[in-house]
Amino acid sequence: MKVLVTFWTQTGNTRKIAEAIFDSLLCKKEIKAFDEVDTLDGFDLTFIGFPVMQFGPPYAAKKFIAAHAPGKTIALFLTHATPSNSDDQAQQELLIKELDNCRSVCSDTNLMDIYHCMGELSQKIANELLASGIPMLMKFAEMRRLTIGHPNSDELEQARKFAVRLITADGVNSPN
C-alpha cells in the first residue's frame, strides 16, 4: 500500500498532526503540502488535513479536494479552535456543523473517516475576530486561552492511532 499525507496549514497546527500521522505509518508513504501535490493517482489512501475556518473547510481545502479527490479513498484530519469535549451544548452543536461542512466537500470521494482536534488559535486571528465587532466571533476569540498548547501530546497520539487504525483495518501497515 502507498499512502500520501497532504495538508494545508496556516499556523502550523495541522502540520503537527500531518507529521504525527506520517510518522505512524510503516508502509510506503509520502508527506506533502497541498501545493506540492500534482495528483493522488498511485496512492491507495490519502490523508488530507486542514484547519476549520469560518465554520468549515477553507477555500484551499475545497479547491484541493475538488481537483484531486473525486473517486479517491481519503481520510480527513482537521484542526479547529472549538473545544472537542466541552459541556457547552451550543459549542458541541457548532462543532458538529463544522465537521458536517467539512464532510460535505468529500461527497465524491470514498471518505473513510475524520480525525479532528483542537489547534491553537493564533493571537493574530483572535485579534482579527475581536476587531470584527460580530458578537459570536468576538466570543470565539475570547476562548483563545483554552486553545493554547494544542494540539497537545494526547491529540498527536490519537492522530497516530487514527492513522494506524485506518490502514491496519486492511492489514497494510507494514514496511513491505
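Threonine 73 is partly exposed, because its relative accessible area is 23% (buried means under 20%, exposed over 50%, and partly exposed in between, with a 1.4 Å probe and protein chains only). That residue opens our walk through a predicted model, in which local features need pLDDT of at least 70, side-chain atom pairs count only at pLDDT 80 or more, and totals for chains, interfaces and linings use all residues. Residues are numbered from 1 along each chain as its sequence is written, and side-chain values use heavy atoms, with hydrogens and water left out.

## The sheet

Threonine 73 lies in strand 4 (strands are DSSP runs of E with at least two residues, helices are runs of H or I with at least four, and both are numbered from the N terminus). Leaving aside neighbours within four places in sequence, threonine 73 is in contact with Asp44, Leu45, Thr46, Asn110 and Met112; contact means heavy atoms within 4.5 Å.

Strand 3 (residues 45-51) and strand 4 (residues 73-80) run parallel and are joined by 6 bridges. Along this pair, phenylalanine 47 stands opposite alanine 75 in strand 4, and proline 51 has threonine 79 of strand 4 as its bridge partner.

Threonine 14 is found in helix 1 and is buried, since its relative accessible area is 1%. Not counting residues up to four places away in sequence, threonine 14 touches Phe7, Trp8, Thr9, Gly49, Phe50, Pro51, Phe77 and Thr79.

Arginine 103 sits in helix 3 and is partly exposed, with a relative accessible area of 38%. Its contacts, neighbours within four places in sequence aside, are Leu111 and Ile114. Arginine 103 and proline 57 are 46 residues apart in sequence, and their C-alpha atoms are 9.0 Å apart in space.

## Pockets

Rolling a probe the size of a water molecule over the atoms shows where empty space is left. On a 1 Å grid over the protein atoms alone, a pocket is an open set of points where a 1.4 Å probe fits, with protein on both sides within 12 Å along at least five of seven lines, and lining residues have an atom within 4 Å of a point. Grid points are joined across faces, edges and corners, and a volume is the space filled by probe spheres set on the points.

| Pocket | Volume | Lining by class |
|---|---|---|
| Largest pocket | about 620 Å³ | 13 nonpolar, 11 polar and 4 charged residues |
| Second largest pocket | about 200 Å³ | 6 nonpolar, 2 polar and 2 charged residues |

In these classes, Ala, Val, Leu, Ile, Met, Phe, Trp, Tyr, Cys and Pro count as nonpolar, Asp, Glu, Lys and Arg as charged, and the others, Gly among them, as polar.

Which residues lie nearest the centre of the largest pocket? They are Val52, Met53, Gln54, Leu121 and Ile125, out of 28 lining residues. Helix 4 gives the largest share of that lining, 3 residues. The second largest pocket is lined by residues including Phe55, Thr82, Asp88, Lys139 and Phe140.

## Backbone details

Glutamine 54 lies in the loop between strand 3 and helix 2 and has a positive phi of about 50° although it is not a glycine. At 80% relative accessibility, glutamine 54 counts as exposed. Phenylalanine 55 is found in the loop between strand 3 and helix 2, with a positive phi of about 70°, and counts as partly exposed at 28% relative accessibility.

Finally, the peptide bond from histidine 150 to proline 151 is cis, with omega near 0°. Proline 151 belongs to the loop between helix 6 (144-147) and helix 7.

Conventions:
Pairing = 2+ DSSP bridges.
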